[in-house]
Amino acid sequence: MLGGMDDGEVDVRVALLGEPLPVELMNTIHVDERGHDTFDLVGDVDSAARWVDAIGPRLPATTGRGPGEARGARDAGGGGAAAALDEQDARRLRALRDALRALAAEVTDAPPQFAVARVPSRREALDTVNRLSGRARIWPELDWPDGGEPTATVGTGSGACDYVLSSLARQAAELFAGPDRRQLRTCLAPGCDRYFVKDHPRREWCTKACGNRARVARHYRRHRGGAARPAHDAAG
Ligand SMILES: [Zn+2]
């Protein structure tokens, strides 16, 4: 699935920016500058499965896969989730995304173009995060083979999709309750509606491409005196 791209498939690896996973999820939707085309990276089952497949390696590895299944088999985080993901899971993923964007918009005082989905109320958003956080039973496990090095893994008695949804929601709760909340930013480059965590005092943009586009727009304004009309083609 991560190999070559078929017609119409979006390479989600390109869309992942190395942000904390809840922020990556926030950034799965984009509205073009004129506001007509919504581009949703988790808009249907296939695309949601590709996204889950791409972020899986960044989730904690799990041991055990529910009652009756052999324990001890070690799984990359979210292993099997992409294959098992169904319409309901995709809907839950989008509901979590919309909830996180609503909370992020409040934290960052986001401009209107960031409201790209049906905006849930604060109460609805919190309910969604907490409900999904509780979808999976997850516990820490110590894995220590004879003569080997001990490692910490995650035990779960739940299915792979619930594990992924629950992990994303838990990480979101930690992000909003922790120091990253104050570093959450909207990228204000022309045509961008992504969030990022400001991990460097001088960082202003979600990507280098956005920084370049913003500089071009600034240059254009200064030298033409008119409204900036930067090309959005170079988005990266
Ligand atoms: Zn940007």
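These legends describe close-up views of a predicted model.

Local features need pLDDT of at least 70, side-chain atom pairs count only at pLDDT 80 or more, and totals for chains, interfaces and linings use all residues. Residues are numbered from 1 along each chain as its sequence is written, and side-chain values use heavy atoms, with hydrogens and water left out.

**View 1. The whole chain.**
Nine helices and eight strands make up the secondary structure. Helices (H or I, at least four residues) and strands (E, at least two) are DSSP runs, numbered from the N terminus. The chain has 236 residues, and 44% of them count as buried. Buried means under 20% relative accessible area, exposed over 50%, and partly exposed in between (1.4 Å probe, protein chains only). The accessible surface comes to about 12,800 Å², with 50% belonging to carbon and sulfur atoms. These areas come from the Shrake-Rupley method with a 1.4 Å probe; for residues, only the protein chains shown count as cover. Among contacts (heavy atoms within 4.5 Å) between residues at least 6 apart in sequence, 61% join residues at least 24 apart.

Side chains of opposite charge can pair when their charged atoms come close. A salt bridge here is a side-chain nitrogen of Lys or Arg within 4 Å of a carboxyl oxygen of Asp or Glu. By this rule the model has nine salt bridges. In one of them, Asp 40 meets Arg 97 at 3.0 Å, N to O. The pair links distant parts of the chain: Asp 40 sits in strand β2 and Arg 97 in helix α5, 57 residues apart. Arg 97 is buried, at 2% relative accessibility. Asp 40 is partly exposed, at 24%.

The side chains of Arg 123 and Asp 127 meet at 3.3 Å, N to O. Both residues lie in helix α6, four residues apart, about one turn of the helix. Asp 127 is partly exposed, with a relative accessible area of 36%.

**View 2. A salt-bridge network around Arg 203.**
Arg 203 pairs with Asp 199 in a salt bridge, with the closest N and O atoms 3.3 Å apart. Shared partners join Glu 19, Asp 199 and Arg 203 into one network. Arg 203 counts as buried, at 18% relative accessibility. Asp 199 is exposed, at 61%.

**View 3. The loop between α5 and α6.**
Arg 118 lies in this loop, between α5 (87-108) and α6 (122-133). Arg 118 is exposed, with a relative accessible area of 62%. Beyond its neighbours within four places in sequence, Arg 118 contacts Asp 98 and Glu 124. Ala 99 is 19 residues from Arg 118 in sequence and 9.4 Å away in space, C-alpha to C-alpha. Asp 109 lies in this loop too and is exposed, at 68%. Most residues other than glycine have a negative phi. Asp 109 is not a glycine, yet has a positive phi of about 55°.

**View 4. Two charged surface patches.**
Patches are made of residues with over 30% relative accessible area and no salt bridge; like charges are joined within 9 Å. Lys and Arg count as positive, Asp and Glu as negative; His and the chain ends are not counted. Each charge is placed at NZ of Lys, CZ of Arg, CG of Asp or CD of Glu. Arg 215, Arg 218, Arg 221 and Arg 222 gather in a positive patch. Arg 215 is in helix α9 (residues 208-224) and is partly exposed, at 45%. Asp 44, Asp 46, Asp 86 and Glu 87 gather in a negative patch. Asp 44 is in the loop between β2 (38-40) and α3 (45-55).

Conventions. Patches are made of residues with over 30% relative accessible area and no salt bridge: like charges are joined within 9 Å, nonpolar side chains (Val, Leu, Ile, Met, Phe, Trp, Tyr) within 5 Å.
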